[in-house]
Amino acid sequence: MKHIFRPFGRVDRTTLAIMIVGQIILALLFWHLTSNGLIPKPLQVGKALGALLFSRLLWDNIIISVLLTVKAMAIAVIITLFFSYLSVLPFFHTIARFLVKCRYLTLTGFIFIFTLLTQNGGQLKLSLLIFGIVPFFVTSFLAVIISTERQQYELCKTLGYTNWETLYEVVIVGKADQVFEIVRQNFAISWLMITLVEGYSMGEGGIGTLLIKYNKYNDLTNVISIQIVIFLLGLLFDYLLGTLKVWFLPYSKFESQPL
Amino acid sequence: MEYTKTDVLLKVKDVNLFYGTKQILRDINFEIKDIVRPGMKQGQVVSLIGRSGIGKTQLFRILAGLGKPSSGTVTISKDKPVKAGDMGVVFQNYYLFEWRTVYTSLELAAKKNPALKGKEKEAIYKYAEDFNLTEHLKRYPKELSGGQRQRASIIQQMLNGTDFLLLDEPFSGLDILVLDRVVELLLDVSLSDELKTLIIVSHDIGTSVAISDTVYVLGHEEGKPGATIKKEIDLCARDLAWKKNIRTEKAFIDTLQEIKAEL
Ligand SMILES: Nc1ncnc2c1ncn2[C@@H]1O[C@H](COP(=O)(O)OP(=O)(O)O)[C@@H](O)[C@H]1O
Ligand SMILES: [Mg+2]
């Protein structure tokens, strides 16, 4: 037990479990004691969450949001990989660098343009989301490509690989685990954007619309419940992507665990 | 012992290397000749010895065709400038594709060698057997020990089928037993083909001298910038090459002293 306050201390599984449960209880207790009339108490939220979890309303909206996110991420990954792989060609390098800088553009300014370019609310949301995610994906992936050790390329050279073969081996095959890792790390950003984007076109529903509706009626209990659901879904995806990575690419399990 | 030195296999001529204004290598000149012994497939084992930081790895990269000298040339097989891919290269940290199993890595190397066409699998298993690596073929590099990685790396570069095998510090970080095994394996490799030529870059004088037929000592000359070859020792002429249990002989120990004085 005393290890938990020691720098780089290691704790066994049971201690870890006890510690986490303790921390959760403390947090709930803190919440319970500090919340006044306006902020709902944990028990109230718990009840609302329970009711919400058994409602069609929640699940229908979750499915809409998850489908939209997954679709946007899949397309974003394809776009990212295309430009990042080719970024080793000088012509595409500048384009990739430009995409990276697009992080600084806010989505809000593009709604009008995208509304003109797209046919309906679904398309609008999808394109906004993709446009929002791609710069982050490209940023992360370029960082991975740039940090490639020189020796990986040199090993290919000594084996007599052509430049295209080297690109395939080192950047495409060799970085496959990093693609999973980037999707995983940036999932949080996509998940953050979904609630934003869904606000722009409420017609199709989605968990973001639900959140906005409850917010409008000052239904704080349900707002917090939905926040918890969103949080848990995020954790679930994080876990799923981590598991899929090791499943498809067994060697990735030897790497140290990222945050 | 009867032997003759005939054709030039590799020629290093007037190699200089600068980083900015700092000279790392100066006027490096040497030739590696094919050693012929009657009734044997005797390859060549050449060592480049020098202190840490003297410029061995830089010279290694130039020999491998991975780095260009500021001036001078490295040529193989009758005046052809060396380029990456002409030599098998075993890096100091035994670099492998971390995302490939040992077997796949070896297979990729074997497929690049036209001489092995259709016999890749056999060749891999043969080497794996010789190098004690059969049970590790299905593993990833991260699951191997340093010595196993090194052997995998050596096999990978040998499957490539080039006459030259360059090794950067192959004796560092190995325990005594593994070291003996590596020495044995390298000697076997050197006897596998008449033209097989191992170039070993090392600061381990004892092991390098014990395994080689020629030693070049890299060092600084008084008052001059950059490292150059201060001494060439022909171990065949001294009757110190190709012998087992050489380490106890007086001539061997004297030679080590002689080299140490130059470092
Ligand atoms: N990229 C570089 N830029 C400048 N100096 C370098 C660079 N790489 C190596 N050096 C210098 O070259 C010298 C020789 O290095 P190296 O060949 O690695 O030595 P070693 O004999 O230990 O293999 C060292 O003094 C090192 O500081
Ligand atoms: Mg070195």
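Here are some friendly notes on the structure above, point by point.

1. **Ground rules.** This is a predicted model, in which local features need pLDDT of at least 70 and side-chain atom pairs count only at pLDDT 80 or more, while totals for chains, interfaces and linings use all residues. Residues are numbered from 1 along each chain as its sequence is written, chains are lettered from A and ligands numbered from 1 in the order in which they are written, and side-chain values use heavy atoms, with hydrogens and water left out.

2. **The build of chain B.** Look for seven helices and 10 strands in chain B. Helices (H or I, at least four residues) and strands (E, at least two) are DSSP runs, numbered from the N terminus.

3. **Overall dimensions.** Along the principal axes, the C-alpha atoms of chain B fill a box of roughly 55 × 45 × 35 Å. The radius of gyration of chain B is 18 Å, which agrees with the value near 18 Å for a compact globule because the chain has 263 residues. That radius is taken over C-alpha atoms, and the globule rule is 2.2 Å times the number of residues to the power 0.38.

4. In chain B, 54% of the 263 residues are buried. Buried means under 20% relative accessible area, exposed over 50%, and partly exposed in between (1.4 Å probe, protein chains only). Chain B exposes about 11800 Å², and carbon and sulfur atoms supply 51% of it; such areas come from the Shrake-Rupley method with a 1.4 Å probe, and for residues only the protein chains shown count as cover.

5. **An arginine to find.** B:Arg26 sits in strand β2 (residues 22-36) of chain B. With a relative accessible area of 10%, B:Arg26 is buried. Beyond its neighbours within four places in sequence, B:Arg26 is in contact (heavy atoms within 4.5 Å) with residues including B:Val15, B:Asn16, B:Glu221 and B:Thr228.

6. A:Phe8 has a phi near 60°, positive although the residue is not glycine. A:Phe8 belongs to the segment before α1 (13-34) of chain A and is exposed, at 84% relative accessible area. B:Glu169 also has a positive phi, near 45°, in a residue other than glycine. B:Glu169 is in the loop between β7 (164-168) and α5 (176-190) of chain B, and at 6% relative accessibility it counts as buried.

7. **Cysteines.** Over all chains, the structure holds zero disulfides (pairs of cysteine sulfur atoms within 2.5 Å). A:Cys102 counts as buried at 10% relative accessibility, and A:Cys156 is buried at 0%.
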